[in-house]
Amino acid sequence: MINVSEALEPLAAWFRSLGIPQPIVEWGHPVMMGIVVVVMGSYVAWTGWRGRLAQDKDVSFNSRMSHRLLAPWMFLFLAAGYPGGVLSLVMQRHPIFESPHFWTGSLVLILLLINSLLTLGGFGGDKPALRTTHAYLGSGILGLLLIHGVLGLI
């Protein structure tokens, strides 16, 4: 079986050779991903729920459009931050698979992918149960992201 840390070590060593200050190596990923989760995540969740619950049809439509526009970007930024977090662990010589932060991050991306597939599948012909599943799963993912953040800080 391949040792992921060993496989990534040459890349980590190259980044270490650049003389990147230790605070950037240690805190760059948490700060950038924290911004994505707090700012984008809360806005994506807010617009999603506002789109579902608003009584005014214009407000609901505009919220849904904002949600549709920003949610894929949030997924993209989180997916792009994932390898940065793994590389940060390797650069700091922390074991990857012993980190609960690694496992919660992996679970977040898997759940976001599942939630995305619900939307790409048109909610199975616009079935209300799948729309409700999407809403609650998305909210659960945001809660998991908060736990993920705490695990990354301890």
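The buried residues of α4 are His101, Phe102, Thr104, Gly105, Ser106, Val108, Leu109, Leu112, Asn115 and Leu118. Buried means under 20% relative accessible area, exposed over 50%, and partly exposed in between (1.4 Å probe, protein chains only). This is a predicted model, in which local features need pLDDT of at least 70 and side-chain atom pairs count only at pLDDT 80 or more, while totals for chains, interfaces and linings use all residues. Residues are numbered from 1 along each chain as its sequence is written, and side-chain values use heavy atoms, with hydrogens and water left out.

**Overall fold**

- The protein chain has 6 helices and 0 strands; helices (H or I, at least four residues) and strands (E, at least two) are DSSP runs, numbered from the N terminus.
- Along the principal axes, the C-alpha atoms of the protein chain fill a box of roughly 55 × 35 × 25 Å.
- Of the 154 residues in the protein chain, 29% are buried.
- Contact means heavy atoms within 4.5 Å. Among contacts in the protein chain between residues at least 6 apart in sequence, 69% join residues at least 24 apart.
- The protein chain has an accessible surface of about 9,700 Å², and 73% of this belongs to carbon and sulfur atoms. Accessible areas come from the Shrake-Rupley method with a 1.4 Å probe; for residues, only the protein chains shown count as cover.

**Helices α4 and α6**

- Helix α4 covers residues 100-120, 21 residues in total, and reaches 30 Å from its first C-alpha to its last, close to the 30 Å expected at 1.5 Å a residue. The expected span of a helix is 1.5 Å times one less than its number of residues.
- The partners of the buried residues of α4 are α2 (22-53), α3 (57-91), α5 (122-126) and α6 (128-153).
- Just after α4, Gly122 has a positive phi of about 65°.
- The end C-alpha atoms of α6 are 38 Å apart, which agrees with the 38 Å that its 26 residues should span at 1.5 Å a residue.
- In α6 the buried residues are His134, Ala135, Ile141, Leu142, Leu144, Leu145 and His148, and they pack against α2, α3, α4 and α5.

**Nonpolar cores**

- A nonpolar core is a set of buried Ala, Val, Leu, Ile, Met, Phe, Trp, Tyr and Cys residues joined through side-chain atoms within 4.5 Å.
- The largest nonpolar core has 14 residues, and those with the most contacts inside it are Val36, Met74, Leu78, Val108, Leu112 and Leu145.
- Two or more residues of this core come from each of α2, α3, α4 and α6, with α2 giving the most, 5 residues.
- Apart from this core lies another, of 9 residues, among them Ala12, Val25, Leu87 and Ile96.
- Leu112 touches Met74, Phe75, Leu78 and Ile141, not counting residues up to four places away in sequence.

**Surface patch and single residues**

- A nonpolar patch on the surface is formed by Trp27, Val31, Met32, Ile35, Val38, Val39 and Leu153, with about 700 Å² of accessible area together. Its largest share, 6 residues, comes from α2.
- Nonpolar patches are made of Val, Leu, Ile, Met, Phe, Trp and Tyr residues with over 30% relative accessible area and no salt bridge, their side chains joined within 5 Å.
- Ile35 lies in helix α2 and is partly exposed, with a relative accessible area of 45%.
- Ser63 lies in helix α3 and counts as buried at 4% relative accessibility.
- Not counting residues up to four places away in sequence, Ser63 touches Thr47, Arg50 and Gly51.

Note on methods. Patch = residues over 30% accessible without salt bridge, like charges linked within 9 Å, V, L, I, M, F, W, Y side chains within 5 Å. Salt bridge = Lys/Arg side-chain N within 4 Å of Asp/Glu carboxyl O.
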